[in-house]
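Colleague: I have a structure open and would like to go through it with you piece by piece. Could you bring it up on your side as well?

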Amino acid sequence: MLFNSQVFIFGFLPIVLGGYYALAAHRAWRQGFVVLASLVFYGWWDIRFLPLLVGLTLANWLIAQAYGRWRVGAIPVAGVVLNLAVLALFKYADFFGANIAAAFGQDWSPWRLILPLGISFFVFQKISYLVDLKRGDRHIYGFLDFCMFVTFFPQLIAGPLVRHNEIIGQFDLPPRRPAMWANLSRGATLFIIGVAKKVALADTLAMIVDPLFAKASDVSLNAAEAYAAAGGYTLQIYFDFSGYSDMAIGLALMFGLSLPLNFNAPYRAVSIRDFWRRWHMTLSRFLRDYLYIPLGGNRCSPPRQLVNLLLTMFLGGLWHGANWTFVCWGGLHGAALAVNHAWTDRGLRLPRVAAWAVTLAFVTCGWVLFRAPDFRTAGDVLGSMIGARGLGSVRLENPWILAAGAAVALLGPTSQEAALGRLRPARWVAVPAGLALVALLLMIGGRLQTAFIYFQF
Amino acid sequence: MSETPDSWRGFFATLVGTAVGVSAVIWLFVVLVNPFGTLPLSFPFDRWQVDGNARYAFPAFARSGRFDSANFGTSTSRLLRPEVLDAAFGARFVNLAMNSASAFEQTALMDVFMRAHPAPKVVTVGIDVGWCVTAGGLVKFSLWRFPEWLYREGRWRDYRYLFDLYSVEKAGQAFAEFTGLKPEVYGRDGYTSFVPEESAYDAARALGHIHEMGVQVPPGERTGDPAGWNFVALAMLKERLEALPAETRKILYFVPYNHVLIAPPGSAAAEVWGECRRRVAAMAEAIPNTVAVDFMIPGAITDDDTKYWDALHYRQPVADRIARDLAAASRGEAGGDYRLLSAVSDQ
């Protein structure tokens, strides 16, 4: 079930939260309850997903136990290979198969394996733990701790990518501690902000973006349409993903657990390096710590550093989806990071506003490639943006949402600043927050439908 | 402001209390007004259709005991007035034709009607392009939102689907209409004219609309011998008609498209329509008390542009004429506006 669904907000969340606090005094009971609830949450989508999640969790826990007992370095390495193999099988088998077959002039019959939800996230989470063990981390966790670390439903599907040593220690904390009501309040507020980002902003932006990209697959857009599509998607993906992260972090806080932040106003970035410090921060640090630095990072010759960056970002792109457009998107960002490094190494600087504009323009063009179904469509939209097909005009449903979205993305406090920093226990804030939740729940149930002008006699 | 556990507890209680309390009030209002007329418990209003999207409004009509006969179709059948059909057939008709209704949507509504009326007196179905699609051409829904939950059995479960902006809007509208605050807009038997008053008819303007469209070609994959083509929508229709008892009078009528939409003889589109006609005729022959009638032929209606608002939609007097023609055709009588595609069997 989705966080932004009525069944989750009216049903699942109150029951699980109530049960968790009712069992708060018993660590094992409350953890077991949350693990079971998380499995229900995961299985709600498709019960066929469950065996893989449970099996992989069990396998990784056994691997860690074996390493704790025998301290043989090959054990976590084998675990990493197992996790990568599972990811490759479910997510990339058809992609690699089709490309290898094509390279030899052969056809590929797709296997069409179902892609277990969140596999990219929970596999990376386990890999980070096993790599930490190999690097000398001594944490060998108990079964419930490990299960809750992996399956904890707020972060199970789409992160943030939480590290074991960031969260498992928190399981010791009694939920009914003095901060409980503040955690519940701040968590609920951040959750509501996340739902608002997703439902009110991202989903409304999708009504603009989806038809334009669908049109771009068939015919060329004019410049106005292309900018609306690119700008709209730039905002949509931010509100969609950061909204999800806000919901996840807020939910975890309602259980008294702090998750790492994932977004920090990325469209205010003044360089690509700055952007990646603000966008999907937990993935960025994963790629940095488990890929870029082991490859040599920036402690090597400039050409080697360039290769490291490109390789890291290529793989980062591939992680987003089994399609060459994602790989290329990652590669473009890798190249931009390399240019950024070279630029700053030479002591060059742009005025802040120009740096911001160049960064945002690059990121926006990158999102076109990320969103387009293929290179042809992406090239077509980008071509239209530079005026290849005239300025033209565009009629949009809810055009105000673009301005509203841009204002939220570029101005004012971030959601975590608002909910975790500035929020005070004032009832005049609680009432509108409650009303906002009602409005969002109604919107989740179904929006108003524009009366079609079906006949214009 | 002091930040004590108590102040945060007050904040959380206020937030949750507001959300739960306001949600409960809104939901209770919606379910008591019962805007779509399907819930077991609600205010005892004299009800009628308040929703412009017939997909929400018609399940209640389809279940209503006020009717014993129904007309199904798209906007090309919506102008058939139940009172004219009633007089022609001696029945109590509801017109359940919905704008742009796909075959799936029409059969879903048929299922609701047939569950509530296991032995209806007459069922008429307007056949147009959506019924003649072949494999690969079938679409489930149109641009209109289709609430599948309203079409399922068991009315109690509907309570869980009524917490959304659309239901709130319709509940407000229904409350205003049922209490006389707003005038009644839609009909009580499924019929609502969506065309302007006859007095506003402008032949020149209509002619412009008529020529905005071209020949209708049923979508779908078709290769080889037409006898092997898979008319997927007709298979769905056949299943429903076969479930009706023999005493139910069943009439399948090809709607009178304006001549600009009718495929010229010898064209590929004409071949598709021809095969579709053969399949419909065969269905009528095979199912007891069923007749297939074709209004989609050159003639006094389809060739006369002044009988149309646009190429799909004929004028109200034509609709009344078709309603009477349907009754005549069901008795096996010949007529100038139509031709019978199947023999008429008496029960």
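Colleague: How many disulfides turn up over all chains?
Modeller: A search of the whole structure, which is a predicted model, finds one disulfide over all chains. The cysteines that form it are B:Cys132 and B:Cys276, with their sulfur atoms 1.9 Å apart.

Colleague: What handedness does the disulfide of B:Cys132 and B:Cys276 have?
Modeller: The disulfide is left-handed, because the torsion about the S-S bond of B:Cys132 and B:Cys276 is about -75°.

Colleague: And which parts of chain B does the pair tie together?
Modeller: B:Cys132 lies in the loop between E3 and H5 of chain B, while B:Cys276 belongs to helix H8 (residues 268–286) of chain B, so the pair ties together parts that are 144 residues apart in sequence.

Colleague: Are B:Cys132 and B:Cys276 buried or exposed?
Modeller: B:Cys132 counts as buried, at 0% relative accessibility, and B:Cys276 also counts as buried, at 0% relative accessibility.

Colleague: What about A:Cys328, where is the nearest cysteine sulfur?
Modeller: A:Cys328 is in no disulfide, and the nearest cysteine sulfur, which is that of A:Cys365, is 13 Å away. With a relative accessibility of 30%, A:Cys328 counts as partly exposed.

Colleague: Changing topic to the sheet in chain B, in what order do the strands run?
Modeller: Six strands of chain B form an open sheet in the order E2-E1-E3-E4-E5-E6, and the pairing is mixed. Its edge strands are strand E2 (93–95) and strand E6 (339–340) of chain B, each of which pairs on one side only.

Colleague: How many bridges join E5(B) to E6(B)?
Modeller: Two bridges join them, and E5(B) and E6(B) run antiparallel. Looking at individual residues, B:Val293 stands opposite B:Leu340 in E6(B).

Colleague: Which strands does helix H3 of chain B touch?
Modeller: Helix H3 (residues 82–89) of chain B packs on the sheet and touches strand E1 (69–72), E2, strand E3 (122–127) and strand E4 (249–254) of chain B, and its direction makes about 145° with that of E2(B). H9(B) packs on the sheet as well, touching E4, E5 and E6 of chain B, with its direction making about 120° with that of E4(B).

Colleague: Stepping back, how many helices and strands does chain B have?
Modeller: The secondary structure of chain B comes to nine helices and six strands. Taken along the principal axes, the C-alpha atoms of chain B fill a box of roughly 85 × 45 × 40 Å. Of the 347 residues in chain B, 56% are buried, and among contacts in that chain between residues at least 6 apart in sequence, 81% join residues at least 24 apart.

Colleague: Let's do aromatics, how many pairs does the structure hold over all chains?
Modeller: The structure holds 69 aromatic pairs over all chains. One of them is the tilted pair of A:Tyr238 and A:Trp279, at 6.3 Å centre to centre and with 40° between the planes. This pair links distant parts of the chain, since A:Tyr238 is in helix H10 (residues 223–254) of chain A and A:Trp279 is in the loop between helix H11 (272–278) and helix H12 (281–292) of chain A, 41 residues apart.

Colleague: Are A:Tyr238 and A:Trp279 buried or exposed?
Modeller: A:Tyr238 counts as buried at 6% relative accessibility, and A:Trp279 is buried with a relative accessible area of 2%.

Colleague: And why is the pair of B:Tyr201 and B:Trp309 edge-to-face?
Modeller: The ring planes of B:Tyr201 and B:Trp309 lie at 80°, with the centres 5.0 Å apart, so the pair is edge-to-face; the cut-off for that class is over 60 degrees. B:Tyr201 lies in the loop between helix H5 (165–178) and helix H6 (203–210) of chain B, and B:Trp309 in the loop between strand E5 (290–294) and helix H9 (316–330) of chain B, so the pair ties together parts that are 108 residues apart in sequence. Both B:Tyr201 and B:Trp309 are buried.

Colleague: What sits over the ring of B:Tyr201?
Modeller: The charged end of B:Arg315 does, at 3.6 Å from the ring centre. In another case, the charged end of B:Arg145 sits over the ring of B:Tyr166, 5.0 Å from its centre.

Methods:
Residues are numbered from 1 along each chain as its sequence is written. Chains are lettered from A and ligands numbered from 1 in the order in which they are written. This is a predicted model: local features need pLDDT of at least 70, side-chain atom pairs count only at pLDDT 80 or more; totals for chains, interfaces and linings use all residues. Side-chain values use heavy atoms; hydrogens and water are left out. Rings of Phe, Tyr and Trp (its six-membered ring) pair if their centres lie within 6.5 Å; planes under 30 degrees apart count as stacked, over 60 as edge-to-face and the rest as tilted. Helices (H or I, at least four residues) and strands (E, at least two) are DSSP runs, numbered from the N terminus. Buried means under 20% relative accessible area, exposed over 50%, partly exposed in between (1.4 Å probe, protein chains only). A charge sits over a ring if NZ of Lys or CZ of Arg is within 6 Å of the ring centre and within 35 degrees of the ring normal. Two strands pair if DSSP finds at least two bridges between them. Contact means heavy atoms within 4.5 Å. Axes are lines fitted to C-alpha atoms, for helices over the stretch in contact, and angles run from 0 to 180 degrees between N-to-C directions. A disulfide is a pair of cysteine sulfur atoms within 2.5 Å.
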